[in-house]
Amino acid sequence: MKSLLTFRSLLLSQAKGFTLALLLSLVAVAAGVALLGTSGWFITSAALTTAGLAFNLFVPSALVRAFSFVRILARYGERLSGHDATLRLLADLRGWLFARLFPRLPLVDRSLRHGDLVSRLTADVDALDTAFLVAIGPIAAALIIGGALTGVLVWLLPSAALVFGICYGAAVLVVPTGLVLASRSTGRDMVRRATDARAAVLDGIEGHVDLTVYGVLGTAQAGFVDTASRLTAAKGRLASFTACAGFAVQVLAALALVGSLWLGLQAFETGSIDGAVLAGLLLAIMGSFEATNVIVRSVSKLTTAMAAAERLTAIAETPLVVADPAAPAALPADTTITLSDVTFSYGGPPVLANLDLTILPGEHVAITGASGGGKSSLLNLLLRLADPQLGSITLGGTALAQLRQADIHASLALLSQDSPLFNDTIRANLLIGRPDADDEALWSALLDAGVEEFVRALTNGLDTLLGESGRTVSVGQARRLCLARVLLSPARILLLDEPTTGLDRTAEVAFFETLHKAAKGCSVIVVTHAAIPEGTMDRVLEMRNGMLR
């Protein structure tokens, strides 16, 4: 439960909607209890009266209809307001999670699987947003209804008030608490097994070709079946706990009803209560336990919500890879980059060792070398996605560690081999680089990137939809559109990580020639396996064993 309290501020932000849902839930349950009680009193009174024609049928029948309509409308309103508040809470939860997650990327927990991260961003958030709607709200409503009915019994049938109060309190508090304690580990296990199943599905989809080629598809399928079986077993255990709790509630309801009937008959024999009133109270007691049945079904979801909250809190509190300085320095106007005796590793042997490099403003430098040589790690250090263990990196003479990350990222733009085109228009994709850019600036960036004529030839021009991952354009055009986005940004230092991946040699050479012309005045650092066309770079360095030659 402590983990759920982490999100109390988000819950409180939707307090109005949840309060309205709670009030309407109270009205619905109260109307249901009143409906049964009134009906029991009405039918019994009509049967017992010796002067049927003199009995007032209209008022009770009108009350029955009124309570029915009130119950229906209140239940509809509860669903409407509750789900509206829940969906708003879902949006707030995702916003909170992504706001906490982005500064922590890349995550230092390298044991976190891709499927696990996806599960936390989707299923765990979905589990959290139902915590109030299906658990907290029903429990609060049931307590209020139980307290009110206990007060009515104290007034009309005092001898049964204690029996009902004990049974009802146990059904609302003791049984759900026991269910939470008994199923807590099962809830965690179910969330973990569900994560394993999602990861297995993602691994199977991404690696289907290799699994088929190497003849291990059957083994992978068997592994997934085993994972799914474990998930099914966990769900079965949770269902068993829920069924036992439901049975316990039914036993308590039966005890409350039988005990109240027994004590009510004694009171009826002494003339302390009217028969019709007794019948109405007994039906009201039956109706009040409707709320307790909902709680049992809801609490089983609460256990998974608690497990999900723990997982979300864990990832949101992951230590920051880098942090802004307490008193950041001003961003220097000079864009000279200097690396002095830099050593960096990921916990093992150094990826970069005693590295020295100076890049002057406006200089274009290419760094080549084998995979795993540290080229991409160098760009990560320049972007301050990590800090070196030894040495220093400065921008205009100021250490990167003394600058705000936002200032660093405003000064450097990255074009990686994985830079995406989003399922949106060309205009929207370009505006990521500079949101306030006008059409003239957009066309200028496209011209510099060598793709203006292609875009102008499209029917919708800048408003052309690119499709998911830019599937409607060629690889070369996609690279140039990404380059246009980088050129549009206000950054004066451009970092390119394998920008020509997937291009043939002709397109590769054309890309470097375009970059040479378009990025004049900007500092450019390119890490690549490609052969650098002559005249397109000021310097070409080779990264070997973490050192530049």
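This is a predicted model: local features need pLDDT of at least 70, side-chain atom pairs count only at pLDDT 80 or more; totals for chains, interfaces and linings use all residues.
## Helices H4 and H11

On the H4 side, the contact is made by Arg71, Arg75, Trp96, Leu97, Arg100 and Leu101. H11 contributes Glu290, Leu312, Ile315 and Ala316. By class, this contact has 6 nonpolar and 4 charged residues, with no polar ones.

## Helices H9 and H11

H11, which spans residues 290–316, also packs with helix H9 (residues 217–269). The axes of H9 and H11 come within 9 Å and cross at roughly 155 degrees. Angles over 145 degrees count as roughly antiparallel, and H9 is therefore roughly antiparallel to H11. The crossing of the two helices is right-handed.

From H9, the residues in contact are Leu238, Thr242, Ala245, Gly246, Val249 and Gln250. They meet Thr292, Asn293, Val296, Ser300, Thr303 and Thr304 of H11. The residues of this contact divide into 4 nonpolar and 8 polar, and no charged residue takes part.

## Helices H15 and H17

Helix H15 covers residues 439–448 and helix H17 covers residues 475–488. Their axes are 8 Å apart, and the angle between them is about 125 degrees. That angle makes H15 oblique to H17. The crossing of H15 and H17 is right-handed.

The contact of H15 with H17 has 8 nonpolar residues, 1 charged residue and no polar residues.

## The largest pocket

The volume of the largest pocket is about 600 Å³. Its lining consists of 20 residues, of which Leu412, Ala413, Leu414, Leu415 and Ile432 are the closest to the pocket centre. Two or more lining residues come from each of helix H13 (405–411), strand E6 (412–416) and H17.

E6 supplies the largest share of the pocket lining, with 5 residues. Sorted by class, the lining of the largest pocket has 14 nonpolar, 5 polar and 1 charged residues.

## The largest cavity

The model has 1 cavity of 30 Å³ or more. About 50 Å³ of space lies in the largest cavity. Its lining is made up of Ile337, Leu382, Ile393, Thr394, Leu395, Leu400, Leu412 and Ile493.

Strand E4 (residues 390–395) gives the largest share of this lining, 3 residues. The lining of the largest cavity divides into 7 nonpolar residues and 1 polar residue, with no charged residue. Leu412 is named in the cavity lining and also among the residues closest to the centre of the largest pocket.

Note on methods. Residues are numbered from 1 along each chain as its sequence is written. Side-chain values use heavy atoms; hydrogens and water are left out. On a 1 Å grid over the protein atoms alone, a cavity is a set of points where a 1.4 Å probe fits but cannot get out, and a pocket is an open set with protein on both sides within 12 Å along at least five of seven lines; lining residues have an atom within 4 Å of a point. Grid points are joined across faces, edges and corners, and a volume is the space filled by probe spheres set on the points. Helices (H or I, at least four residues) and strands (E, at least two) are DSSP runs, numbered from the N terminus. Ala, Val, Leu, Ile, Met, Phe, Trp, Tyr, Cys and Pro count as nonpolar, Asp, Glu, Lys and Arg as charged, and the others, Gly among them, as polar. Axes are lines fitted to C-alpha atoms, for helices over the stretch in contact, and angles run from 0 to 180 degrees between N-to-C directions. Angles under 35 degrees count as roughly parallel, over 145 as roughly antiparallel, 65 to 115 as roughly perpendicular and the rest as oblique. A crossing is left-handed if the near helix is turned anticlockwise from the far one by less than a right angle, and right-handed if clockwise. Contact means heavy atoms within 4.5 Å.
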